[in-house]
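Load the model in your viewer and switch to a cartoon view. The tour goes stop by stop, with a selection at each.

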Amino acid sequence: MIKAALFDVFGTCVDWRSGATAFVRPFVEKRGLRASMAEQIADAWRKLYEPSMARVRDGDRPYVTLDIIQRENLDIVLDSLDISDLFDDKERYQLNLAWEHLPAWPDTVDALNSLKDSIPIAACSNGSKPMMQRLAAYANLPWSMICGADTGQNYKPHPDVYYNSCAALGTAPHETVMVACHTDDLDAAASFGLKTAYFPRPTEWGEGTFKADPDIGRFDFSAATMSALIDDIVNDR
């Protein structure tokens, strides 16, 4: 029986792309830059996320929080767009708060509350605990607990993130379901013994960017929407 659920956050529960773009836009418009520059910054920033975390997973760098990594990556993005001289350190600090000001997808909060009525639910994000706490307050995400990178002192898909998150919840991996819209996250969780639940977020990277996985039958649960997926998990219990 499933006794607890872990959730990916960026992309699965919150709309990082539109949220980061909206947060950055006033900064770029204040400097007379075209509005589309905000979207460019958001996309370029997010694309640096995975290779930066890989350095920690591969042992090339000690664990540091995503707050630090995203601040470093912001410098790289601004340099690559040749607008580095337009933003001082104080403004870069403010820009880095974008990742704590992301809106929940319209179905997220109701779906999370529905599952929380049955079992504990926890964030299992690469974001730090303080970042996830502030994001939860902003987006009204009703976590029972915040697990993830800080709990594992590493980044998904490192096994310590999944195992330590289960341990924090007091459940064995086979008693815990990982919920995500990213198949690589779920494949990793499954390899470490967790149950898996998949649904797509077709517009996570913008309209027309989604490519369906033809083999979602490998997951324990799958549905077209988050709400339907949560209903399946609840009914299976």
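Two strands count as paired if DSSP finds at least two bridges between them. Keep in mind that this is a predicted model.

**Stop 1: the strands.** Select Tyr198 and Ser222. Ser222, in strand S6, is the bridge partner of Tyr198. Two bridges join S5 to S6 (residues 221-222), and these strands run parallel. Val177 stands opposite Lys195 in S5. Follow the chain from S4 through helix H10 (residues 183-191) to S5: this β-α-β crossover is right-handed.

**Stop 2: Ile83.** Select Ile83, in the loop between helix H4 (66-80) and helix H5 (89-96). Is Ile83 buried or exposed? Ile83 is buried, because its relative accessible area is 4% and the cut-off is under 20%. Show its contacts beyond four places in sequence: Leu33, Met37, Ile41 and Leu78.

**Stop 3: the rings.** The structure holds 11 aromatic pairs. Select one of them, Tyr63 and Tyr155: the pair is tilted, 5.3 Å centre to centre, with 40° between the planes. Tyr63 sits in the loop between helix H3 (49-57) and H4, Tyr155 in the loop between helix H8 (149-152) and helix H9 (159-169). They are 92 residues apart. Both Tyr63 and Tyr155 are buried.

**Stop 4: the cluster.** Select Phe10, Trp16, Trp45, Tyr49, Trp99 and Trp205, which ring pairs link into a cluster.

Definitions and conventions:
Residues are numbered from 1 along each chain as its sequence is written. This is a predicted model: local features need pLDDT of at least 70, side-chain atom pairs count only at pLDDT 80 or more; totals for chains, interfaces and linings use all residues. Side-chain values use heavy atoms; hydrogens and water are left out. Helices (H or I, at least four residues) and strands (E, at least two) are DSSP runs, numbered from the N terminus. A crossover is right-handed if, with the strands pointing away from the viewer, the path from the first strand over the helix to the second runs clockwise. Buried means under 20% relative accessible area, exposed over 50%, partly exposed in between (1.4 Å probe, protein chains only). Contact means heavy atoms within 4.5 Å. Rings of Phe, Tyr and Trp (its six-membered ring) pair if their centres lie within 6.5 Å; planes under 30 degrees apart count as stacked, over 60 as edge-to-face and the rest as tilted.
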